[in-house]
Amino acid sequence: MSESIALEADGLGKRYGANWALRDCTLELPAGSVTALVGPNGAGKTTLLQLACGLSSPTAGTVRVLGLSPQEDAHALLPRVGFVAQEHPLHRSFTIRETLKLGRKLNPGWDDAYARERIERLGLPLGKRIAKLSGGQQAQVALTLALAKRPELLLLDEPVASLDPVARREFLNTIMEAVSEDGVTVVLSSHIIADLQRVCDQLVILSGGRAELVGSIDDILASHRLLTGARGDAEEVARVHAVIRESHTGRQTSLLVRANGHVYDSRWELHEIDLEEIVLAYLGYGRSAEPAPVPIEEAASR
Amino acid sequence: MIAFHLEARSGVPTYLQLVQQVRQAIRLGVLRPGDQLPTVKEVVGSLTINPNTVLKAYRELDREGLVEGRRGIGTFVSDELPTTPPDGVRELRAGLQRWIDRARASGLDDESIEALFADAVRPPAVSRVA
Amino acid sequence: MTWVAWRQQRTETLITVGILALLAALLLPTGLDMASTYHRNGLAACLGPSASLSCRQAIDDFGARFDSLNSLIAWFTLVPGLIGILLAAPFVLQLEHGTYRLDWTQSITRRRWISGKLGLAIVVGLAASLLFTLLTTWWRTPLVHLEGRMDASVFDSEGTVVFAYTLFGLGLALAAGAVWRRAVPALIVGFTGYFAGRVFVDTWLRQRFIAPVRATWSASGPSPANYRHAWVISEYRSDKVGHPIAPLGACTGSTGAKRIIDPSCIMEKGTGYMHAVYEPASRFWALQGIETAVFGSVALALILFAAVWTNRRAA
């Protein structure tokens with residue numbers, strides 16, 4: 001059933017003028033999953049999210065959300081998708097009460113009791129103006145607005161980028177609650193990778209408008225290994241496994257591989273690596289530009 | 001009641017960390033047969049982690065026979081645990097001590113001993129790559 | 001959406017009400033003063049083309065007293081444009097600050113949002129125009145009795161044109177704001193466009209709406225009946241056929257050092273006639289209708305453009 005896939009992109013691309021912000025993006029995100037969308041600024045994260053919620057339309061390829069087209073089926077889809085844009089825009093002159101009223105007026109499926117209960121739990125007075133709230137409080141109000149329409153899919157564009165650590169943890173906690181209580185599917189983009197391993201179960205790495213890696217985080221952690229060993233070349237390893245990053249120092253070579261099966265090679269020491277290291281490797285960090293020249297004595301002794 | 005903690009920058013998947021902590025808690029007697037594990041909601045609230053992760057961990061523990069889920073109530077430590085008999089543990093302990101003495105006698109320092117040991121005992125995730 | 005559009009336009013609506021209140025505060029006392037002076041001095045009886053001397057004097061006095069105020073009030077013709085531009089602000093500011101992304105991802109469609117906001121701006125603009133027109137028309141009643149309403153500074157605050165002016169200002173600011181998504185360019189385009197458009201029509205286009213009447217009559221006789229209270233585009237001394245002449249130049253000869261004006265020549269050629277190009281007062285509503293249609297259709301085209309452009313463009 002197509003609805004077990006919450007978000008599906010097929011060769012999806014978006015061009016602004018001469019520049020492809022997103023290119024050839026193909027992925028499937030299962031319903032009920034929490035997906036991290038990571039990548040440097042300008043990688044296409046915002047573009048992908050905006051295509052998914054219908055704020056922009058594809059130049060190439062297709063995107064289907066909950067089995068529907070965000071452009072053609074906007075009327076049917078909008079009540080089922082919650083979106084918090086970058087910088088969590090809110091009407092600054094509105095009070096919290098008026099902001100909730102906006103949600104109530106513009107969403108047929110609005111759950112006012114839920115919204116008020118959340119605001120109360122956050123300890124925010126309804127009569128306070130949005131402009132007077134802190135960044136973390138504004139983010140929580142924006143999230144309340146998105147959740148109170150009881151969406152099936154929640155899209156968040158860099159929601160915690162400007163929040164302090166406490167606000168960040170509280171924000172993510174709210175999302176996790178919504179996932180555990182209502183089974184909401186979540187896609188959140190971030191260039192802060194630290195939180196994502198605990199919160200997300202799927203990962204999409206975007207770089208330069210392309211999807212470099214898509215998969216479940218558990219599988220990714222289980223299949224990626226750091227191989228260290230004496231100075232040598234990666235050819236033999238590369239024949240069997242995918243070498244993501246290769247770096248050489250004077251006496252040692254490190255290879256970050258996506259293992260295709262078990263790594264049987266006594267020359268290499270295996271290490272597990274955390275998600276951030278894997279992501280950075282895919283984004284091109286830490287690569288040696290060229291292999292460093294081998295010292296003369298070692299070359300002679302070979 | 002067990003309190004979970006997370007090593008966020010670990011190469012070990014989150015669900016596995018939870019599984020390992022439950023196993024350890026049972027081994028040490030912190031969790032006894034019949035004790036209730038925290039609910040998914042409680043773990044999510046205290047750790048801010050994905051509820052799917054908790055479910056996956058509990059499913060794995062259920063598969064290993066360490067816990068059982070009672071629908072509508074919660075997840076509980078099994079009344080019958082597949083434990084190694086106490087004699088077996090003592091014998092293993094003694095053998096291990098002898099091995100350590102031999103390793104030290106041949107000149108290995110503690111760190112090298114630990115590295116050797118870790119190398120031989122890889123966590124299940126790595127062997128599963130095979 | 002109606003409440004949302006209202007709330008988002010609340011400040012600008014209040015400012016508009018404030019402007020109109022200020023206008024009323026200025027016009028009410030002076031208008032009442034003017035009306036009572038008019039009646040007190042019995043000027044109503046002086047309206048015919050009759051040339052009673054005491055009437056003429058009274059009219060001159062009235063004019064001397066209120067004409068400068070009248071010229072000042074003429075500047076108020078900028079107010080409808082100002083109000084139109086002001087009412088475009090909520091729409092444009094939302095585009096500039098990105099809060100439209102919040103509204104467009106609730107459950108209503110983009111189209112509904114655009115039509116709701118623009119519709120309300122138009123409604124408030126029209127209501128403000130109505131109040132403005134009623135206020136200025138009432139204020140000018142005595143002067144209109146005396147001098148008619150075809151003159152440029154009177155014409156543009158009576159009848160239906162004010163509605164079109166307001167929508168014109170609104171349309172300019174909306175269109176510029178939709179393209180640039182910034183409030184300052186929208187403001188600048190709105191003001192300069194409104195000013196330029198109004199000047200263009202006032203000074204050049206209006207007289208070309210309907211071919212004006214041209215008439216020549218003897219300077220010593222009465223002017224044509226429809227000349228009263230007409231909008232005079234030009235008026236000059238002419239010969240019998242209507243060609244303009246310098247009154248004395250053609251009939252001046254010189255004998256020696258003296259300049260001699262030949263009286264019989266003047267009788268035959270010159271000062272005997274007046275020629276005028278004018279729009280009679282009876283054409284008031286025709287001209288109003290055409291000018292309203294001109295500004296109104298441009299305004300609606302601009303508003304439609306703003307709506308379509310915003311709907312089509314990606315976020």
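## Where chain C meets chain A

A salt bridge here is a side-chain nitrogen of Lys or Arg within 4 Å of a carboxyl oxygen of Asp or Glu. By that rule, chain C and chain A share two salt bridges in this predicted model. In one of them, Arg10(C) pairs with Glu98(A), and the closest N and O atoms are 3.5 Å apart. A polar contact is a pair of N or O atoms within 3.5 Å; within protein, one has to be able to donate a hydrogen and the other to accept it, and residues adjacent in sequence count only if both atoms are side-chain atoms. Across the interface of chain C and chain A, 10 residue pairs are in polar contact, both residues being at pLDDT 80 or more.

As for who takes part, 21 residues from chain C and 28 residues from chain A are in contact (heavy atoms within 4.5 Å). Together the two chains bury about 2200 Å², which is the accessible area (1.4 Å probe) that two parts lose on being put together, summed over both. Carbon and sulfur atoms give 64% of that area. On the chain C side, Trp3(C), Gln106(C) and Ser107(C) supply 30% of the area buried against chain A, more than any other three residues.

## Ground rules

Residues are numbered from 1 along each chain as its sequence is written, while chains are lettered from A and ligands numbered from 1 in the order in which they are written. Since this is a predicted model, local features need pLDDT of at least 70, side-chain atom pairs count only at pLDDT 80 or more, and totals for chains, interfaces and linings use all residues; side-chain values use heavy atoms, with hydrogens and water left out.

## Two domains in chain A

Chain A splits into domain 1 (5–208) and domain 2 (222–301), with bounds that come from an automatic or database domain assignment. Taken over C-alpha atoms, their centres are 37 Å apart. Nine residues of domain 1 of chain A touch six residues of domain 2 of chain A. The two domains bury about 680 Å² between them, and 85% of it is on carbon and sulfur atoms. In domain 1, Ile193(A), Gln197(A) and Ile205(A) lose the most area to domain 2, together 64% of what that side buries.

What about polar links between the domains? There are zero salt bridges, and one residue pair is in polar contact, both at pLDDT 80 or more. Strand E8 (residues 202–207) of chain A gives the most to the domain 1 side of this contact, with four residues. Helices (H or I, at least four residues) and strands (E, at least two) are DSSP runs, numbered from the N terminus.

## A closer look at Thr47(A)

Thr47(A) sits in helix H1 (residues 45–53) of chain A. Is this residue buried or exposed? Thr47(A) counts as buried because its relative accessible area is 9%; the cut-offs are under 20% for buried, over 50% for exposed and partly exposed in between (1.4 Å probe, protein chains only). Leaving aside neighbours within four places in sequence, Thr47(A) is in contact with Lys14(A), Tyr16(A), Ala21(A) and Leu22(A).

## Chain B at a glance

Chain B has six helices and two strands, arranged along the sequence as α-α-α-β-β-α-α-α. Of its 130 residues, 35% count as buried. Among the contacts in chain B with a separation of 6 or more, 48% are between residues 24 or more positions apart.
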